[in-house]
Amino acid sequence: MLSGRIEAEYLSELRRLIEGEERRRPLTLDLGEVKLVDRDAVTFLAQCEAAGATLENCPAYVREWIARERADSKNPRKTPTRRNPER
């Protein structure tokens, strides 16, 4: 179970713990006590889920953010071309 905040500065330790586990079954991350995440954490959680992990008790705002990140990565926005107004 994860709790509190999941932020970029903690992700390397979390990765190390997950990768060091001998898994006989799929990874489940219980996010029921998570109160705050940053963008790096959302990316990390999305990658875990894409690799087969289950995000249990995932807060609705985190689930929505993951969905938006996935949608944005599939449909990158084009950067508008700036026109020189003097020409």
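A quick word on naming before we start: helices here are DSSP runs of H or I with at least four residues, numbered from the N terminus. Keep in mind, too, that what you're looking at is a predicted model.

Let's walk along the chain. There are three helices and four strands, and from one end of the sequence to the other they come in the pattern β-α-β-β-α-β-α. The chain has 87 residues, and 30% of them count as buried. If you take the contacts with a separation of 6 or more, 78% are between residues 24 or more positions apart.

Now turn to the largest pocket, which holds about 230 Å³ of space. Its lining includes Leu-2, then Leu-14, Leu-17 and Ile-18, and also a run of residues from Glu-21, Glu-22, Arg-23, Arg-24 and Arg-25 to Pro-26 and Leu-27, with Leu-29 as well. Helix α1, residues 8–20, gives the most to this lining, with three residues. Sort the lining by class and you get seven nonpolar and five charged residues, with no polar ones.

Next up is helix α2, which covers residues 39–50. Its 12 residues reach 16 Å from the first C-alpha to the last, close to the 16 Å expected at 1.5 Å a residue. Quite a few of its side chains are tucked away: Ala-41, Val-42, Phe-44, Leu-45, Ala-46 and Cys-48 are buried. What covers them? The cover includes the strands β1 (3–6), β2 (28–30), β3 (33–37) and β4 (54–56), along with the helices α1 and α3 (60–74).

Leaving aside neighbours within four places in sequence, Val-42 is in contact with Val-37, Trp-65, Ile-66 and Glu-69.

Finally, have a look at Asn-57, in the loop between β4 and α3. The phi of Asn-57 is near 55°, a positive value in a residue other than glycine. Is Asn-57 buried, exposed or partly exposed? With a relative accessible area of 49%, Asn-57 is partly exposed, since exposed means over 50%.

Conventions
Residues numbered from 1 in each chain as written. Predicted model: local features only at pLDDT ≥ 70, side-chain atom pairs only at ≥ 80, totals over all residues. Heavy atoms only, no water. Helix = DSSP H or I, 4+ residues; strand = E, 2+ residues; numbered from the N terminus. Buried < 20%, exposed > 50% of the residue type's maximum accessible area, 1.4 Å probe, protein only. Contact = heavy atoms within 4.5 Å. 1 Å grid on protein atoms, 1.4 Å probe; cavity = no way out; pocket = protein on both sides within 12 Å on 5 of 7 lines; lining within 4 Å. Points joined across faces, edges and corners; volume = space filled by probe spheres on them. Nonpolar A, V, L, I, M, F, W, Y, C, P; charged D, E, K, R; others polar. Expected span 1.5 Å × (residues − 1).
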